[in-house]
Amino acid sequence: MKSGLYGFLFAMWSLIIIGGGIMVVLLGPFSIQQFGDFHWIISSGTKVSIALGLIIIWILVLSKLKNYIFKKELKF
Amino acid sequence: MIELIIPTIISCILAFFVVYFTIPPLIKILVKKNYTVKDVNKKENVMVARPGGISIILGIIVSEIVLYGFFQLNEILAIIITTTAAFAIGYVDDRKVMGGWFKPVTLAIAALPIIFLGAYNSDFTFPLFGDVQIPLLYLGLIIFMIPITGNTINSIDVLNGVASGFMVIASFTLSICLFILQNYEIAIVSLPLGFVSLAFYKYHKIPSKIFPGDSGALTFGAMYGVIAIIGGVEIIAAIALLPAVINSFLFLSSVKRVVEHRQIKGKPVEFTSDFKLKATTDKTAPVTLVRLILAGGPLTEKQVGFAIFKLTIFSGILAIITAFMMGVSL
């Protein structure tokens with residue numbers, strides 16, 4: 001069991017690093033210029049939406065991973 | 001560099017000894033006023049004083065005021081104001097049973113001074129990949145961060161000494177990472193949290209003489225969250241906190257809604273005849289970190305606590321590796 005927990009911790013850490021990388025690659029260069037003074041609001045709003053989408057995907061992946069690692073134990 | 005040593009030493013000594021010396025009289029006062037709760041993990045009917053948050057916040061305020069005298073940083077004011085607000089929120093919850101909405105909403109409001117004082121940098125830094133500018137998203141992150149760290153520490157406060165021992169490891173890890181990143185002033189400002197936790201652990205470790213209560217746990221969690229924001233080490237802070245994050249994640253993914261622990265009917269853990277902790281087979285009970293640790297077989301309260309500390313040390317090592325990775329760019 002304990003090795004499963006360490007494995008899950010390591011998997012979470014890896015997902016954070018990979019997720020962070022995707023975030024920088026996707027959101028870093030992202031900008032919208034065609035809305036005059038409001039471009040930063042539109043740009044930030046789009047970034048927020050993408051970030052939330054990534055977080056939801058992250059949670060779903062983590063849920064699958066949790067079920068896989070703790071297959072036996074989660075039959076409580 | 002030399003000029004930083006004296007404030008560091010003074011603040012760390014004050015943080016440790018204010019808590020160390022105020023807890024014994026606080027226990028006496030709490031017991032006298034009958035502010036005690038049953039330690040549910042003990043065979044005998046043991047009553048323990050609560051909340052110890054009063055000493056914790058005192059240690060933090062005194063040491064941070066001394067540091068403010070030396071550095072005059074808005075970041076220190078943000079720590080003092082937000083952490084004190086979190087303590088007050090927890091204290092209200094200690095005295096009166098509040099609804100599930102109370103802590104998340106009020107802690108989000110407690111995070112506002114960080115924004116008003118401008119004690120943050122909206123560049124979000126990731127290891128290996130560099131940083132990304134997210135001004136609007138970052139404001140949302142600040143407002144969410146304090147309720148998350150506060151409630152995460154609160155949720156791990158399940159056994160004698162676990163919350164404070166966990167904070168000792170996580171907060172010193174965070175300070176080490178800040179030193180690695182050469183953010184010396186914030187690293188020094190973060191040290192009192194580790195020393196306050198260490199002094200509190202002396203009385204909180206098994207068998208507990210005092211419990212931190214919601215006021216103590218939220219104070220720990222809120223200060224940790226503020227340090228993560230003002231130090232720009234949000235990712236590292238989250239990694240150092242992973243065992244508690246796993247606990248909250250397992251809990252939420254099994255109950256599938258935001259709910260107070262006291263509202264859950266099913267028991268995740270029960271006792272064997274020799275009073276060891278054992279995972280139940282109750283399908284209605286939430287999955288928690290303790291329950292998963294006990295899935296391998298019954299353990300004493302002390303053994304479960306040490307299993308959690310070992311996991312925290314492991315995530316602390318991952319956090320330190322991440323700090324080193326911050327300096328590397330792909």
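User: Which residues in α6(B) meet which residues in α9(B)?

Analyst: On the α6(B) side they are B:Ile142, B:Met145, B:Ile146, B:Thr149, B:Gly150, B:Asn151, B:Thr152, B:Ile153 and B:Asn154, and in α9(B) their partners are B:Asp214, B:Ala217, B:Leu218, B:Phe220, B:Gly221, B:Ala222, B:Tyr224, B:Gly225, B:Ala228 and B:Ile229. Two residues are in contact if their C-beta atoms, placed from the backbone, lie within 7 Å. This is a predicted model, in which local features need pLDDT of at least 70 and side-chain atom pairs count only at pLDDT 80 or more, while totals for chains, interfaces and linings use all residues. Residues are numbered from 1 along each chain as its sequence is written, and chains are lettered from A, ligands being numbered from 1, in the order in which they are written.

User: What makes α6(B) oblique to α9(B)?

Analyst: Their axes come within 7 Å and cross at roughly 140°. Angles, which run from 0 to 180 degrees between N-to-C directions of lines fitted to C-alpha atoms (for helices over the stretch in contact), count as roughly parallel under 35 degrees, roughly antiparallel over 145, roughly perpendicular from 65 to 115, and oblique for the rest. The crossing of roughly 140° therefore makes α6(B) oblique to α9(B). The crossing is right-handed, and by class the contact has eleven nonpolar, seven polar and one charged residues. Here Ala, Val, Leu, Ile, Met, Phe, Trp, Tyr, Cys and Pro count as nonpolar, Asp, Glu, Lys and Arg as charged, and the others, Gly among them, as polar.

User: Why are α1(B) and α8(B) called roughly parallel to each other?

Analyst: Helix α1 (residues 2-32) and helix α8 (residues 184-204) of chain B pack at an angle of about 20°, with their axes 8 Å apart, and at that angle α1(B) and α8(B) are therefore roughly parallel to each other. α1(B) passes α8(B) in a right-handed crossing. Among the residues that make the contact are B:Pro7, B:Ala15 and B:Phe16 of α1(B) and B:Leu191, B:Phe195 and B:Tyr203 of α8(B). The residues of this contact divide into 18 nonpolar, two polar and one charged.

User: How do you know that α2(A) is oblique to α6(B)?

Analyst: The axes of α2(A) and helix α6 (residues 135-156) of chain B come within 7 Å and cross at roughly 55°, which makes α2(A) oblique to α6(B). In this pair A:Ser44, A:Lys47, A:Val48 and A:Ala51 meet B:Pro135, B:Leu136, B:Leu137 and B:Gly140.

User: How many residues does the contact take from chain A and from chain B?

Analyst: It takes 28 residues from chain A and 32 residues from chain B. On the side of chain A that touches chain B, α1 (2-27) and α2 (39-69) of chain A each supply at least two residues, and α1(A) gives the most, with 15 residues. By class, that side has 19 nonpolar, five polar and four charged residues.

User: Why is B:Gly69 called exposed?

Analyst: A residue is buried if 20 or more other C-beta atoms lie within 10 Å of its own, exposed if 12 or fewer, and partly exposed in between. B:Gly69 has 12 other C-beta atoms within 10 Å and is therefore exposed; its place is in helix α2 (residues 53-71) of chain B.

User: What makes B:Leu128 count as partly exposed, and why is B:Asn34 exposed?

Analyst: With 16 C-beta neighbours inside 10 Å, B:Leu128 counts as partly exposed, whereas B:Asn34 has 8 other C-beta atoms within 10 Å and is therefore exposed. Phi of B:Leu128 is near 70°, a positive value in a residue other than glycine, and phi of B:Asn34, likewise positive, is near 65°. B:Leu128 is in the loop between β3 (123-126) and β4 (130-133) of chain B, and B:Asn34 lies in the loop between α1 and β1 (36-38) of chain B.

User: Which residues does a cis peptide bond join, with omega about 5°, and which peptide bond is cis with omega near -5°?

Analyst: B:Arg50 and B:Pro51 are joined by the cis bond with omega about 5°, and the peptide bond from B:Ile206 to B:Pro207 is cis with omega near -5°. B:Pro51 is found in the loop between β2 (47-49) and α2 of chain B, while B:Pro207 is in the loop between α8 and α9 (213-230) of chain B.

Methods:
Helices (H or I, at least four residues) and strands (E, at least two) are DSSP runs, numbered from the N terminus. A crossing is left-handed if the near helix is turned anticlockwise from the far one by less than a right angle, and right-handed if clockwise.
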